[in-house]
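Here are my notes for you, as someone new to this one. Have the model open while you read, and take the points in order.

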Amino acid sequence: MVGGGNSKSDISLPGTFASSAFAACFAEICTIPLDTAKVRLQLQKKALAGDGVVLPKYNGMLGTVGTIAREEGLSALWKGIVPGLHRQCLFGGLRIGLYEPVKNLYVGENFVGDVPLTKKILAGLTTGALAIAVANPTDLVKVRLQAEGKLAPGVPRRYSGALNAYSTIAKQEGVRALWTGLGPNVARNAIINAAELASYDQVKQTILKIPGFTDNVVTHILSGLGAGFVAVCVGSPVDVVKSRMMGDSTAYKNTLDCFVKTLKNDGPFAFYKGFIPNFGRLGSWNVIMFLTLEQAKKLVKSIEST
């Protein structure tokens with residue numbers, strides 16, 4: 001179980017992987033409209049025309065959701081759900097499923113007591129980096145599909161769907177292009193994974209020491225919100241760079257170039273662009289994911305122990 005300081009897992013590795021993948025996919029389905037809005041907001045650069053600044057097309061989280069739904073239909077908010085689910089099966093299953101075994105590896109087999117925070121962070125960094133190295137193509141395709149807005153009449157879509165996007169990118173840009181943005185993506189996902197899993201683990205462990213609190217839904221919700229908040233604070237700048245590089249890889253030479261150009265052109269606050277939607281997305285994602293994960297693990301445990 002993620003959290004509580006216990007270092008022995010109650011269920012098998014395949015059971016942990018299945019629970020993690022299911023919880024991550026369920027959270028993705030519930031929150032992807034917020035993610036689509038977040039990608040559009042991040043990719044919206046300052047538009048200049050003549051001597052005045054053009055009003056941005058997308059304003060705020062709910063405004064962006066409304067604009068997309070109005071112009072492109074409700075289904076456009078779930079753009080990228082297919083690669084999103086591919087990503088969560090692979091990435092969610094690996095990063096969350098391997099967290100406990102890797103954490104146990106770092107503390108040693110005979111460890112007793114609360115696992116130190118540094119070991120939790122290290123385990124989160126390791127599983128986040130490993131998982132995204134495998135799942136990067138799914139992330140790239142998801143961002144490409146989400147970034148495509150309303151097209152003028154007669155203009156064909158770049159990709160007809162997720163599977164078509166994988167093959168088109170591989171054919172036109174080479175197989176290596178599917179791993180575009182791997183550097184910032186590994187950095188972002190290792191950091192966010194460590195922030196999410198270690199903070200969930202730590203917050204839950206702390207809450208359980210308060211008299212009156214037990215390992216129940218309230219504890220899971222509070223821990224999930226804490227995990228989401230920490231993840232956004234830490235991961236927002238890396239996330240903006242990742243979205244910009246994946247959305248338009250030709251505009252930047254590398255990660256550092258993208259960081260410097262964004263800072264120069266849009267100012268330091270650009271890195272926290274969409275902080276509220278990001279927290280809305282990650283906060284709700286974490287609460288749903290961890291709630292589902294805790295229940296799924298209980299179910300798998302009861303199946304395995306019969």
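Predicted model: local features only at pLDDT ≥ 70, side-chain atom pairs only at ≥ 80, totals over all residues.

1. Cys25 itself counts as buried, since its relative accessibility is 13%.

2. Cys30 counts as partly exposed, with 40% relative accessibility. By the distance rule, the count of disulfides comes to zero.

3. Now go to helix α2, residues 61-72.

4. Which residues of α2 are buried? They are Met61, Thr64, Val65, Thr67, Ile68 and Glu72. These residues cover an arc of only 165° around the axis, so they lie on the same side of α2. Turn to the other side of α2 and you'll find Leu62 and Arg70, which are exposed. As for what covers the buried residues of α2, the list includes α1 (13-43) and α10 (275-304).

5. Next, have a look at Ser199, which you'll find in helix α7 (residues 182-208). Ser199 counts as buried because its relative accessible area is 10%, and the cut-off for buried is under 20%. The Ser199 side chain reaches the backbone oxygen of Glu196, at 3.2 Å. If you set aside neighbours within four places in sequence, Ser199 is in contact with Ala194, Lys204, Gly226, Ala227 and Val230.

6. How many aromatic pairs does the structure hold? There are six aromatic pairs. One of them joins Tyr200 and Phe290: the ring centres are 3.6 Å apart and the planes are at 5°, so this pair is stacked. The pair links distant parts of the chain, with Tyr200 in helix α7 and Phe290 in helix α10, 90 residues apart. Are the two partners buried or exposed? Tyr200 is buried, at 0% relative accessibility, and Phe290 is buried too, with a relative accessible area of 0%.

7. Another pair worth a look is Tyr272 with Phe275. Here the ring centres lie 6.0 Å apart and the planes are at 50°, so the pair of Tyr272 and Phe275 is tilted. Tyr272 is partly exposed, with a relative accessible area of 37%, and Phe275 also counts as partly exposed, at 23% relative accessibility. Both belong to one aromatic cluster, formed by Phe229, Tyr272, Phe275 and Phe279.

Terms used: Residues numbered from 1 in each chain as written. Heavy atoms only, no water. Buried < 20%, exposed > 50% of the residue type's maximum accessible area, 1.4 Å probe, protein only. Helix = DSSP H or I, 4+ residues; strand = E, 2+ residues; numbered from the N terminus. Arc of directions from axis to C-beta. Contact = heavy atoms within 4.5 Å. Disulfide = S-S within 2.5 Å. Polar contact = N/O pair within 3.5 Å; in protein donor to acceptor, adjacent residues only side chain to side chain. Phe/Tyr/Trp six-rings, centres within 6.5 Å; stacked < 30°, edge-to-face > 60°.
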